[in-house]
Amino acid sequence: MNYENLNTSYGIYRTKTAVRVSFIPIRKKKDTGYPAVGGYMFHFANAIDDTSYDWQNGPKFFLSANEVGDLIHAFNVGGDMKLYHDPDKGSENEGTRGKNFSIVTSGDKRYLNYSDGETKIGVSLSINDEVILSLLIRSTLPMCYGWSA
């Protein structure tokens with residue numbers, strides 16, 4: 001099945017911040033032509049004013065299909081989770097541009113957070129956000145591996 005033209009995203013918009021989650025299906029690696037497992041792009045943004053967000057300068061964090069189990073587990077049990085990506089791993093710049101992605105509980109609220117050396121953005125999650133996001137991820141997860149849903 002060809003998922004190239006499948007356009008799916010889910011947005012969570014708050015007064016000061018927002019996040020859009022987009023499904024990225026299985027695709028071919030440019031250098032080898034072999035399939036690359038899909039996943040989910042989390043695109044964070046700060047508010048510019050009451051009705052718009054700065055998507056141009058907002059950071060992105062790609063959660064692979066292999067990592068999404070941690071997210072679903074955190075949603076299911078109400079727990080916290082943390083992931084770290086280092087785009088320079090294996091190079092002389094390793095550890096200088098790390099990206100952190102987390103779900104944390106603070107009091108009776110839960111937050112989806114992104115941080116790197118310069119940027120910190122947190123978006124509060126309602127129970128509805130968690131349920132909808134979990135259902136959307138579960139329904140598209142087989143397509144990340146090229147399986148028919």
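Two strands pair if DSSP finds at least two bridges between them; strands (E, at least two residues) and helices (H or I, at least four) are DSSP runs, numbered from the N terminus. The model is predicted: local features need pLDDT of at least 70, side-chain atom pairs count only at pLDDT 80 or more, and totals for chains, interfaces and linings use all residues. Residues are numbered from 1 along each chain as its sequence is written, and side-chain values use heavy atoms, with hydrogens and water left out.

**Exercise 1. Describe how strand S1 is connected to S2 and how the two strands pair.**

Step 1. A hairpin of 3 residues joins S1 to S2.

Step 2. S1 (residues 9-13) and S2 (residues 17-24) pair in the antiparallel sense over 5 bridges. Within this pairing, Ile12 stands opposite Val19.

Step 3. In a regular strand the side chains alternate between the two faces of the sheet. In S1, Tyr10 and Ile12 make up the covered face, while Ser9, Gly11 and Tyr13 make up the uncovered one.

Step 4. Tyr13 also belongs to an aromatic cluster with Tyr53 and Trp55. Arg20 lies over the face of Trp55, 3.9 Å from the ring centre; the criterion is NZ of Lys or CZ of Arg within 6 Å of the ring centre and within 35 degrees of the ring normal.

**Exercise 2. Identify the residues that touch the most other members of the largest nonpolar core, and the element that gives the most to this core.**

Step 1. A nonpolar core is a set of buried Ala, Val, Leu, Ile, Met, Phe, Trp, Tyr and Cys residues joined through side-chain atoms within 4.5 Å. Buried means under 20% relative accessible area, exposed over 50%, and partly exposed in between (1.4 Å probe, protein chains only).

Step 2. The largest core has 29 residues, and those touching the most other members are Tyr40, Phe42, Phe44, Leu63, Leu71, Phe101 and Leu112. Helix H1 (residues 68-77) gives the most to this core, namely 5 residues.

Step 3. The buried residues of H1 are Val68, Leu71, Ile72, Ala74 and Phe75. They fall within an arc of 160 degrees seen down the helix axis, so they line one face of H1; the arc is taken from the directions from the axis to the C-beta atoms. Exposed Asn76 and Val77 are carried on the face turned away from the buried side.

Step 4. Gly78 follows H1, with a positive phi near 70 degrees.

**Exercise 3. Classify the ring pairs Phe42 with Phe101 and Tyr145 with Trp147.**

Step 1. Rings of Phe, Tyr and Trp (its six-membered ring) pair if their centres lie within 6.5 Å; planes under 30 degrees apart count as stacked, over 60 as edge-to-face and the rest as tilted.

Step 2. Phe42 lies in S5 (residues 39-46) and Phe101 in S8 (residues 99-106), so the pair ties together parts 59 residues apart in sequence. Phe42 is buried at 0% relative accessibility, and Phe101 is buried at 0%.

Step 3. Tyr145 and Trp147 form a tilted pair, with 5.9 Å between centres and 35 degrees between planes. Tyr145 is partly exposed at 31%, whereas Trp147 is exposed at 56%.
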